[in-house]
Amino acid sequence: MDLTHVRRLIDLLATAPVTELEVEEGCCRIRITRGGGAQPEVAPSAPPVVSPVVGTPAALPQSAEACVVAETVITAPSYGVFHLAPTPGAPPFVTVGQAVRAGQEVGLVEAMKVFNAVRAEQAGKIAAVLVEDGTEVEAGTPLFRLS
């Protein structure tokens with residue numbers, strides 16, 4: 001399952017009147033639930049949260065028992081410009097390999113000079129930063145992957 005497909009599923013959940021979506025393709029399974037984090041101003045419900053994501057079919061062994069590795073994705077709480085650091089030139093909130101705790105601020109999304117905190121919904125370790133600093137994002141855009 002590629003990132004584009006995951007983003008489409010997140011967008012679908014954001015506009016659908018359901019709070020959970022689960023899709024299985026071969027030995028890959030993804031479950032997306034809506035809840036937690038800050039709510040975008042234009043939507044009446046919180047942005048979707050992806051958990052768990054299981055690797056891509058090409059990267060996984062053929063046995064179904066091997067599809068047990070779970071990762072979590074931290075998503076953008078609203079539309080805006082994503083910032084990895086609190087101010088220009090300051091060190092980033094988090095770096096790859098850093099442990100984070102539930103509720104810890106890991107980035108900012110700026111829209112019309114209003115800054116919304118991006119927070120980890122669960123403890124883990126930053127496995128990847130999925131969006132570059134200064135990139136325009138939409139609500140639900142995957143920003144970080146936790147392991």
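Predicted model: local features only at pLDDT ≥ 70, side-chain atom pairs only at ≥ 80, totals over all residues.
Student: Does Ser147 count as buried or exposed?

Tutor: A residue counts as exposed when its relative accessible area is over 50%. Ser147 has a relative accessibility of 52%, and therefore it counts as exposed.

Student: Which element gives the most residues to the largest nonpolar core?

Tutor: The largest nonpolar core has 16 residues, and those touching the most other members are Ile74, Phe82, Val100, Val106, Val137, Leu143 and Phe144. The elements that contribute two or more residues to this core are S7 and S11. With three residues, the element that gives the most to this core is S11.

Student: With which residues is Leu143 in contact, leaving aside its neighbours within four places in sequence?

Tutor: Leu143 is among the residues of the largest nonpolar core that touch the most other members. Once its neighbours within four places in sequence are set aside, Leu143 is in contact with Val73, Ile74, Thr75, Ala76, Phe82, Val118, Ala128, Val129, Leu130, Val131 and Val137.

Student: Which residues does the second, separate core include?

Tutor: This second core is separate and consists of five residues. Among them are Val6, Leu9, Ile10 and Ile32.

Student: Which residue in the turn between S7 and S8 has a positive phi?

Tutor: Strand S7, residues 105–111, and strand S8, residues 114–119, pair in the antiparallel sense over six bridges. Ala111 stands opposite Val114 in S8, and the two strands form a hairpin with two residues between them. The turn residue with a positive phi, of about 55°, is Met112.

Student: What pattern does the protein chain follow when read along the sequence?

Tutor: The protein chain contains one helix and 11 strands. Read along the sequence, these elements follow the pattern α-β-β-β-β-β-β-β-β-β-β-β.

Student: What share of the accessible surface of the protein chain belongs to carbon and sulfur atoms?

Tutor: Of the 147 residues in the protein chain, 37% count as buried, and among contacts between residues at least 6 apart in sequence, 49% join residues at least 24 apart. The accessible surface of the chain comes to about 8200 Å², and the share belonging to carbon and sulfur atoms is 55%.

Note on methods: Residues numbered from 1 in each chain as written. Heavy atoms only, no water. Pairing = 2+ DSSP bridges. Helix = DSSP H or I, 4+ residues; strand = E, 2+ residues; numbered from the N terminus. Buried < 20%, exposed > 50% of the residue type's maximum accessible area, 1.4 Å probe, protein only. Contact = heavy atoms within 4.5 Å. Areas by Shrake-Rupley, 256 points an atom, 1.4 Å probe, with all protein chains shown as cover. Core = buried A, V, L, I, M, F, W, Y, C linked by side-chain atoms within 4.5 Å.
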